[in-house]
Amino acid sequence: MLKLLIEKELKEIIGSPKFIMMFAISSILILLTFYVGGINYKKNIAQHEAAKLENLRSMEGIKDWRLIEHNIYLPPSILASLVNGISNDIGRNVDMYGRGEIRPHGSVYNENPVYAAFRFLDLTFLFQIVLSLFSILFTYNAVNGEKESGTLRLVFSNSIPRGKYILGKILGSYAALSIPLIIPFLLGCLVLSVLGIQLKGSEWFRLALIINAGILFMGVFITLSVFISSVSRRSANSFLLLLVIWIFVILVIPRAAVLISGRFIDVPPIDELNNKKNAYNRELAETVLNKLKTFKADGNEDLFAQFEKYMEEVNDDKDEKMNSFGSKLDEERKNRQNVQSDLSLTLARISPAAQFSLASSIIAGTSLTLSQEFLSQAKNYQNVFKTFQQEKSGGSSGGGMKMIMVNEGDEPPDIDPTELPEFVYKEANLDSIIVASLGDFGLLIIYTFIFFAGAYMAFRRFDLR
Amino acid sequence: MFSILIKKELIAILQNPKFITTFAVSSFLIILSVLIGINEYKNNLAQYDTGISLAKSKIEESRSWHSINAIAYRKPDPMQIFVSGVNNDIGRFSNVSRQGEVKLQNSSYSDDPVFAIFRNIDFAFIMTIVLSLFAIMFTYNAVNGEKEDGTLRLLFSNSISRAEFIASKVVGAWLGLVVPLLIPISISFLLIISFDINFRFFDWSRVLTLAFVSITYFTFFIIFGILVSSITKSSSTSFLLLLTFWIITVFIIPRVGVIAAGQIIRIPSHAEIESQLDAFSKDSWKNYTTQLSKTWNERRLQMEGMSESEKAMYEDDNSWGWMQTDDKLRKINEENITDYSRKLFEGYKNNRIELRKLALTLSRFSPASAYQLAAMNMASTDIALKVRYEDAIQLYKEKILSHASQKAETDGDSFGLRISMDSEKGISVEGGRDQNMLDTSELPQFAEPSYTFAQIFEPTIIDISILFILSIACFGLSVYRFSKFDLR
């Protein structure tokens with residue numbers, strides 16, 4: 001019987017003229033999203049490679065590694081082009097020195113505000129706005145609509161348990177709305193291949209997880225719609241109620257939760273930190289100067305080398321103190337930020353839209369941790385770079401002036417920029433991604449079950465006449 | 001008869017249970033967004049004040065007119081309460097120094113990415129998405145719904161012209177939906193006053209114009225709903241069509257327009273431009289160092305064979321001239337780099353302007369984009385905000401550097417750190433002038449870009465016109481279509 005009910009629901013949805021239209025729109029949008037994501041990724045890759053080449057070119061003709069201050073970049077990723085997350089909001093470049101504070105800068109939206117005004121087309125947007133709305137549109141009258149058209153009594157003239165009926169409605173709608181979408185999604189993957197974008201096995205798996213999260217999210221709206229449809233008598237009322245819920249769930253709760261609760265936690269503004277760091281740096285610069293003034297050579301032998309070494313030590317000492325001071329302040333701010341994001345995202349997770357958005361961005365590697373991870377890896381690279389500089393020329397760049405003595409006719413050869421250690425951004429491994437997104441997947445499943453249970457309970461009391 | 005029709009429409013809307021729900025939701029959202037906006041604005045102001053004190057201390061710590069460092073901050077605009085636009089996406093300040101180029105950096109979202117995840121909720125956002133949807137919900141069955149209910153034939157048993165009927169539908173829906181909206185809008189204005197937000201007459205003019213543009217946008221959706229309802233036979237078809245149109249105009253066209261423009265006009269990334277400048281700068285400094293070392297060698301050769309006292313005397317006689325020569329060489333080099341940088345970034349800026357123009361032209365096919373652009377313009381949180389600020393900061397940079405150069409000439413400049421090496425005395429280090437010795441009180445202050453109401457309104461005319469023309473066209477088309485509508 002359940003099979004029959006599912007079949008009936010499936011036929012009803014697929015046979016409706018609405019379906020053709022909605023399926024066509026969704027398919028076009030899905031293909032467009034993959035195409036836009038693909039070409040954006042290719043453009044970003046081209047820009048990234050060009051910037052890296054320019055970076056190496058800028059080192060040509062330099063004779064001492066201590067003079068090298070270069071740039072490292074957060075590499076583009078195809079999944080970030082399909083699920084933007086915060087990847088366009090955070091700084092993607094770091095000016096790299098052997099010592100001193102580093103900070104990412106140059107976000108996509110800051111560089112091109114025109115993109116910030118309207119944003120990009122991505123899978124999160126597609127599921128959150130378009131497909132959730134379509135889910136409502138097909139199921140808002142699942143139960144009360146049948147009553148209005150008189151088919152409900154007809155159906156229950158057979159011996160069907162009410163639970164089975166609701167289950168049939170939900171499974172039928174779910175199948176009718178999600179299975180056909182597999183075709184455009186597969187075509188979308190084909191678009192990526194046609195564009196010459198090769199995804200690794202783990203990336204295909206993550207993309208499949210994102211699509212699964214999206215379909216699970218649609219499921220929440222399908223069960224919610226069936227629930228509301230069994231609570232309200234008239235389909236017009238259930239549609240209105242669902243539309244209001246949709247507005248709140250998609251557009252209001254996530255934003256308001258973060259904006260309101262986020263401000264409950266006091267995070268010191270970055271300018272305040274800079275003020276403190278600046279004052280301390282000034283103090284240290286004075287100490288460095290006084291120390292340099294007291295320099296006493298040990299005999300006249302290799303005077304310059306002695307001073308150079310002394311200056312390096314003094315600068316290292318300053319750098320260490322500055323780093324420890326700065327790290328403490330940064331750590332405090334980071335901890336406050338973590339508390340802030342924990343609170344605001346926990347509250348935002350009341351909305352299934354936030355759950356889906358967070359899950360998909362975690363899987364795509366564009367969640368909130370991206371900025372912290374990039375900075376942390378850039379700092380690790382700074383140590384590698386500093387060690388490399390010291391090995392090559394006994395000192396490092398940044399954090400003070402350099403004195404390099406070159407005797408006439410004894411000029412050192414140009415450095416070989418290709419020897420520079422490469423910065424490779426390592427994405428989180430698959431296991432940790434899955435673990436991090438499990439909570440949101442779990443919440444989406446819980447919501448689906450709650451709404452299913454709600455629909456079942458409501459329908460038990462539903463007046464079939 | 002016309003007034004009766006309007007009254008009928010008005011009563012139908014006001015008595016509709018949908019009305020209470022949508023009115024409550026939109027009022028709640030508008031007031032909530034303004035409260036959030038006020039809170040954000042106050043936070044931004046506090047951050048701005050901290051920044052200003054940082055900029056002040058940065059100036060005070062300068063030891064030499066040559067190496068003066070300033071920071072110019074972008075001042076929060078109270079209109080961001082209603083339309084945040086790109087306010088949180090673009091940098092909040094730019095460093096101003098002889099060496100670095102002007103560039104707004106550290107956007108609010110890059111500093112605190114948690115707020116970037118779901119972005120902002122503001123009045124313009126609610127108008128663009130929520131209220132346009134509500135307008136459709138009230139009008140999708142304005143004409144065909146009456147036919148389905150059988151009231152259309154009843155109505156036309158009286159002597160009513162078809163144009164009169166459509167006009168009454170539009171006016172009735174407008175009065176029923178727009179007038180109640182004025183309540184939460186007025187409450188928002190009261191909130192601005194009660195939270196003591198510094199709103200000048202200029203800001204009130206802008207906010208009232210914004211309200212006017214918002215109502216125009218809302219009116220377009222009301223009329224468009226009536227048009228589709230008079231074209232289609234069944235209300236469910238018209239709703240489906242309207243919903244599709246709404247998704248396409250509100251969400252798809254603006255995005256696709258911008259993305260298409262990005263594909264048509266390819267511009268290098270900022271990182272690429274910076275690396276190009278870096279390469280040029282390093283080459284220039286390398287040439288400068290080679291030339292300097294050649295000059296010093298020549299000077300050393302000139303002193304060869306002199307006794308120590310002769311050398312000292314010769315150095316005393318020539319040191320000022322040498323310093324001037326070296327300084328001139330350095331200045332020439334700096335000017336070359338500045339010149340190259342200016343040309344490079346000018347080209348980059350022009351490319352971005354081209355991209356912006358094309359993106360806006362393409363996205364303006366959507367009334368939602370036209371509204372968003374008009375709203376951002378009125379709030380001065382538009383896409384060109386970054387360019388305006390960077391231009392103003394560039395001007396400030398020129399002023400401050402010219403002032404610093406004048407001061408260096410009149411008061412004499414000092415060095416930051418001087419390291420001398422002498423075969424007799426060894427190495428000696430001097431720290432230049434003591435801290436706080438520069439009188440920076442007369443340094444020019446950064447003046448934020450200022451505009452008159454006319455300057456702000458001018459670029460908005462095109463968007464307001466688009467909304468007006470579309471509304472009138474839809475109304476005309478509705479009248480025309482309804483003249484052929486089968487009343488049976």
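The structure is a predicted model, and the predictor gives the complex an ipTM of 0.88 together with a pTM of 0.87. The contact between the chains draws on 81 residues of chain A and 79 residues of chain B.

**Contact between the chains**

- On the side of chain A that touches chain B, at least two residues each are supplied by helix H2 (17–57), strand S1 (70–73), helix H4 (108–111), helix H5 (113–118), helix H6 (123–139), helix H11 (235–262), helix H12 (270–293) and helix H13 (303–348) of chain A.
- H11(A) provides the largest share of that side, namely 12 residues.
- By residue class, the side of chain A that touches chain B consists of 47 nonpolar, 21 polar and 13 charged residues.

**Helix pair H6 and H11 in chain A**

- The axes of H6(A) and H11(A) come within 11 Å of each other and cross at roughly 160°, and since angles over 145 degrees count as roughly antiparallel, H6(A) is therefore roughly antiparallel to H11(A).
- H6(A) passes H11(A) in a right-handed crossing, with A:Gln128, A:Ile129, A:Ser132, A:Leu133 and A:Ile136 of H6(A) making the contact with A:Leu242, A:Trp246 and A:Ile250 of H11(A).
- The residues in this contact of H6(A) with H11(A) comprise six nonpolar and two polar, with no charged residue.

**Helix pair H2 and H8 in chain B**

- Helix H2 (residues 17–60) and helix H8 (residues 162–194) of chain B have axes that come within 9 Å and cross at roughly 20°; because angles under 35 degrees count as roughly parallel, H2(B) and H8(B) are roughly parallel to each other.
- The crossing in which H2(B) passes H8(B) is right-handed.
- From H2(B), the residues B:Phe23, B:Ser26, B:Ser27, B:Ile30, B:Ile31, B:Val34, B:Leu35 and B:Ile38 meet B:Pro180, B:Leu181, B:Ile183, B:Pro184, B:Ile185, B:Ile187, B:Ser188 and B:Leu191 from H8(B).
- This contact of H2(B) with H8(B) divides into 13 nonpolar and three polar residues, and no charged residue takes part.

**Two individual residues**

- A:Phe264 sits in the loop between H11 and H12 of chain A, and A:Phe264 counts as exposed because 11 C-beta neighbours lie inside 10 Å, where exposure requires 12 or fewer.
- B:Val83 lies in the loop between strand S1 (70–73) and strand S2 (91–96) of chain B, yet B:Val83 is buried because 29 other C-beta atoms lie within 10 Å, where burial requires 20 or more.
- Apart from its neighbours within four places in sequence, B:Val83 is in contact with B:Asp122, B:Phe123, B:Ala124, B:Leu210, B:Ala375, B:Met376, B:Ala379 and B:Thr381.
- B:Val83 and B:Ala408 are 325 residues apart along the chain, and their C-alpha atoms are separated by 45 Å.

**Confidence in chain B**

- Chain B has an average pLDDT of 88, and 96% of the residues score at least 70.
- Among the elements of chain B, helix H13 (residues 367–379) has the highest mean pLDDT (96), whereas strand S4 (residues 418–422) has the lowest (69).
- Where pLDDT is low, the predicted coordinates should not be read in detail.

Definitions and conventions
Residues are numbered from 1 along each chain as its sequence is written. Chains are lettered from A and ligands numbered from 1 in the order in which they are written. This is a predicted model: local features need pLDDT of at least 70, side-chain atom pairs count only at pLDDT 80 or more; totals for chains, interfaces and linings use all residues. Two residues are in contact if their C-beta atoms, placed from the backbone, lie within 7 Å. Helices (H or I, at least four residues) and strands (E, at least two) are DSSP runs, numbered from the N terminus. Ala, Val, Leu, Ile, Met, Phe, Trp, Tyr, Cys and Pro count as nonpolar, Asp, Glu, Lys and Arg as charged, and the others, Gly among them, as polar. Axes are lines fitted to C-alpha atoms, for helices over the stretch in contact, and angles run from 0 to 180 degrees between N-to-C directions. Angles under 35 degrees count as roughly parallel, over 145 as roughly antiparallel, 65 to 115 as roughly perpendicular and the rest as oblique. A crossing is left-handed if the near helix is turned anticlockwise from the far one by less than a right angle, and right-handed if clockwise. pLDDT is the predictor's confidence in each residue, from 0 to 100.
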